[in-house]
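Student: I'm new to this one and would like a close look at a single part. Could you walk me through the sheet in chain A and what sits around it?

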There are 2 protein chains.
Amino acid sequence: MGKSLSVSPLAPAQFPDLPVIEGVRFATTAAGVKYQGRTDVMLALLAPGSAVAGSFTRSATRAAPVLDCQAKISGVSDEGAAILVNSGNANAFTGKGGVAAVEAITAAVAKACDVPQSRVFTSSTGVIGEPLPYERITAVLGDLTAKLDAGSIAEAAKAIMTTDTFPKGASASVEVDGKTVKIAGIAKGSGMIAPDMATMLVYIFTDAQIEQRALQNIVSIHTDGTFNCITVDSDTSTSDSLIMAATGASGVDVTESEAFSDALHTLMLDLAHQVVRDGEGATKFVEIAVTGAANDADAKTHAMSIANSPLIKTAIAGQDPNWGRVVMAIGKSGAAADRDRLSIRFGDIEVAKDGWRSPSYSEEAAAAHMKGENIVIGVELGLGEGTATVWTCDLTHGYIEINADYRS
Amino acid sequence: MGKSLSVSPLAPAQFPDLPVIEGVRFATTAAGVKYQGRTDVMLALLAPGSAVAGSFTRSATRAAPVLDCQAKISGVSDEGAAILVNSGNANAFTGKGGVAAVEAITAAVAKACDVPQSRVFTSSTGVIGEPLPYERITAVLGDLTAKLDAGSIAEAAKAIMTTDTFPKGASASVEVDGKTVKIAGIAKGSGMIAPDMATMLVYIFTDAQIEQRALQNIVSIHTDGTFNCITVDSDTSTSDSLIMAATGASGVDVTESEAFSDALHTLMLDLAHQVVRDGEGATKFVEIAVTGAANDADAKTHAMSIANSPLIKTAIAGQDPNWGRVVMAIGKSGAAADRDRLSIRFGDIEVAKDGWRSPSYSEEAAAAHMKGENIVIGVELGLGEGTATVWTCDLTHGYIEINADYRS
C-alpha cells in the first residue's frame, strides 16, 4: 500500500446499518501481516448447527486457502464453524509452505474456537508469492476470541479490505411463514481481478434454517447471476471466494422459500455492484444488457466481450457514444451474430438499427447519456430469446495509476 | 483525427528503402474521404498473370469490403488485378449502402484499370457506421491511373495510415535457383484492434512465380505465426486484411523454396512487430515465450492470456517485475497448467520456479530488466512440448488518452 487511494466517486453514501445475525459473532484485530496501523484479520464464529456453502475461483493456479476451503465446503456437521480471513498476503503461489501455513492456521483456530478443523475456512488476500507469516495470525487468536461480538460485522468488512476504497455491506429481511429471516453480507474487491490486492471475497450470514446441500444450490445459482456477471478488467484472481453460512437461529426453514431466494439474489447483486463501483479508477457504472441472442450463453459471451473491451471502456471514460466499438466487440466475441439484424442503444437512445446507424440517431442525445454516472448499453441481436445482463466500469487513467506501480 | 499523435518511441529509425517489384505500380492521392491535407487513397495495379492470396478478420461483423475480398480472393486469372485502399472511413456497419459502395468502387476501378471487376480488391479503414462517400474515390481514379509508378510504394504506406504514428514497410531478397526474388510489404495498424481507426491492413508484393493456391497456403501458414501472434488490446477489427500478390515477373518459381518461405515469414514478422511498436500509447515492446505446455494450442492460449491481461500490461508500463500477475493470467486462461511445475523468467532472470518464488530471485535484477525497452516474459509449464511466442506492448496513459476521446 504505497499510496492511499481516495474513495471511489461511485461509492454509496455510507456503509449500511447491518442487522445482528443470531448465531454469528465477529472479531477483528491488527496482526501486522503486512499493513501497519489498521486491522487485517477477521474471525467469524458460527454457532453449532450452521450450514456452510461457497463458491470459489476457477483459476488453475488457485491459492492454498481456496483449495482447503473447496475440500471442506460440502461437509455437513452439527458442530460450530469458523471463518478466518487475513488481508495483506494472499498465500498464493507459495508452494508447500503455503499449504503448511493453512494447516497451521486452521489447526490453531479449531483449538481456539473449539470447532473441528474440518470446519475452519480461511481466506487470504494481498501480495502473492511471499510466504505468509502465519505465526502473526496464530499469535492473535486469543485476542480475537476474547473480542467476539455479534455486532462487529462492520469492523469485519473493514479488516478484509486491500485496495478497496470503501467497505462493502448489504442486508435483507424476509418474511417467511409469518416470521422474519435476516441476511447480512460483506465483500471486498475492486474488480474480478488482480491476484495482488484486489481479490474478491464475500461472506454472507443468515439466521435462516436450510440444509447444506440446499444452501449450496441456492448460492451457486445466485453466484452465476451476480458475482459471475461483473468484470472490472477481465482478470481473474487466484483467491476469489464466497462463503455463506446459515445459522438456523431463526428456526425458519427457507428451503422452499422464493422470497428468501429473491432476497438473497438482490443482496448478492447489491454487493457485486458495490465491487464494480469500487473498480480501480472507475468513474462510471456500466450495465450491458443483451437480448435477442440465440441462447443465454451466447448473450453472456457478447455481453462480456463488450464489458471487457478496452476500447469500449476507454470510450465510456471519455464520454464518447462510440457505438462502432460495440459492433466490433460483438463481432469478435465468437458467439452468433448477424450484422444486419443488430440494434444498439445507449440508455433509451437507439444508436444503431438493423445493421446501420439508426435513422433517428442523435449524437447529441447519445453524448448526453454518456455524461451521466450510470451508463446503459443495450444490444438486441434479433436472433432468438437469449438474454444476459452484466456490469462493469470504465477504464481510466486511475486504473493505470493504481496498477502500473502497485508493488512499488 | 482530432489530435496529432507524436511518433511512437518504439518506432524504427526510418522507413526502409523498399525495392521495386516488377509487375506492380502504385499511386496515391488526396480524395478527401475524411482527412484534409494528406493522401487517403492508394491504388496498386498488378500485371497480368499475378497470383493474389489473402487473410482476413474472423469478426462476425466484418465490413463490406472484407466480405467482397473474401468472395474473390481464391479466384485464378491470367488478367491483371488491382488493390484499392482508402483511409478515413471503414465502410463497416453500413448496411446495404456499404455493399453498394464496394460495388461502385470495384466497377469503376475495373474500368479505369482495364481489369476484371472480380480482380479488384478493396480495403477501407477509418470510422465505422458512416456512409462511405465513394464518389470522392471514384472521382480520383483518373488521377490515380495517370500517376501509377513502380517506385511509389513508400507513398502507398503513408496513404493507408490512420492512427498510425509511422508508416510501416519491410523487404526481403532471396536467392532461389541462383536467381534473385524480391519481396516488399507495407502495413498499417496500431493494434489488432479498434474498428475506428486502428484496423490492421497489410499488402505484400513479390516478383516470384507461384500459383494462387500455393501462395494462399504459404500466406495462411505465416499469418498464423506472425500477425495472429500479436495483440495490442485484445480487440479485433471488423476490417483486418492481408493481401499478397506474386507477379511472377522474376520468372523464378518459389513453390518449393524454403528460402522464400523463410524470407516471407521474416518479413511478415517484421511488419507485425512494427504494428506492435506502433501500439496505441506503447512504451515497451514485449515478447511472451511459453514453453512446456501440453500442446502448441495451449501454449498460445496461455501466451495470449498473459499478453492481453490489463494488469500485466500496466505492470510493464510501471516497470514493475510483477510476476504474480503472470501466475494469475496462466490460472485464468483455461488451458492446462500445474501451479507447482510452473517457472517464470523476466529476460534471463528466473523469478519463479516449481510453484514458488525462485530461490535465486533478485527483485533488483528483475526490476533492471523491466527498465529496458524490450521486455521478455518466459513461462515454462513443465507439462509437455507445446510452445508459442506472441508479442504485445504495455498499457499506458497514452492508450487511454488516444481512445477515451478519439471521435471527439
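**The sheet in chain A**

Tutor: Chain A has an open sheet of 4 strands, in the order E1-E2-E4-E5, and the pairing is mixed. Keep in mind that this is a predicted model. Let's start at the edges, where we find strand E1 (24-29) and strand E5 (120-127) of chain A. Each has a single partner strand, so one side of each is left without a neighbour in the sheet. Going from one strand to the next, the twist averages 10°.

Now pick out strand E2 (residues 41-46) and strand E4 (residues 81-89) of chain A: they run antiparallel and are joined by 6 bridges. If you want a spot to look at, find Leu45(A), which stands opposite Ala82(A) in E4(A).

Next, what lies across the sheet? Helix H2 (residues 95-113) of chain A does, lying across E2, E4 and E5 of chain A. The helix runs at about 135° to E5(A).

Residue 113, where H2 of chain A ends, is a cysteine, Cys113(A), and it is buried, with a relative accessible area of 11%. Over in chain B, Cys113(B) is in no disulfide either, with the nearest cysteine sulfur, that of Cys69(B), 15 Å away. Cys113(B) counts as buried too, at 12% relative accessibility.

Methods:
Residues are numbered from 1 along each chain as its sequence is written. Chains are lettered from A and ligands numbered from 1 in the order in which they are written. This is a predicted model: local features need pLDDT of at least 70, side-chain atom pairs count only at pLDDT 80 or more; totals for chains, interfaces and linings use all residues. Side-chain values use heavy atoms; hydrogens and water are left out. Buried means under 20% relative accessible area, exposed over 50%, partly exposed in between (1.4 Å probe, protein chains only). A disulfide is a pair of cysteine sulfur atoms within 2.5 Å. Two strands pair if DSSP finds at least two bridges between them. Helices (H or I, at least four residues) and strands (E, at least two) are DSSP runs, numbered from the N terminus. Axes are lines fitted to C-alpha atoms, for helices over the stretch in contact, and angles run from 0 to 180 degrees between N-to-C directions. Contact means heavy atoms within 4.5 Å.
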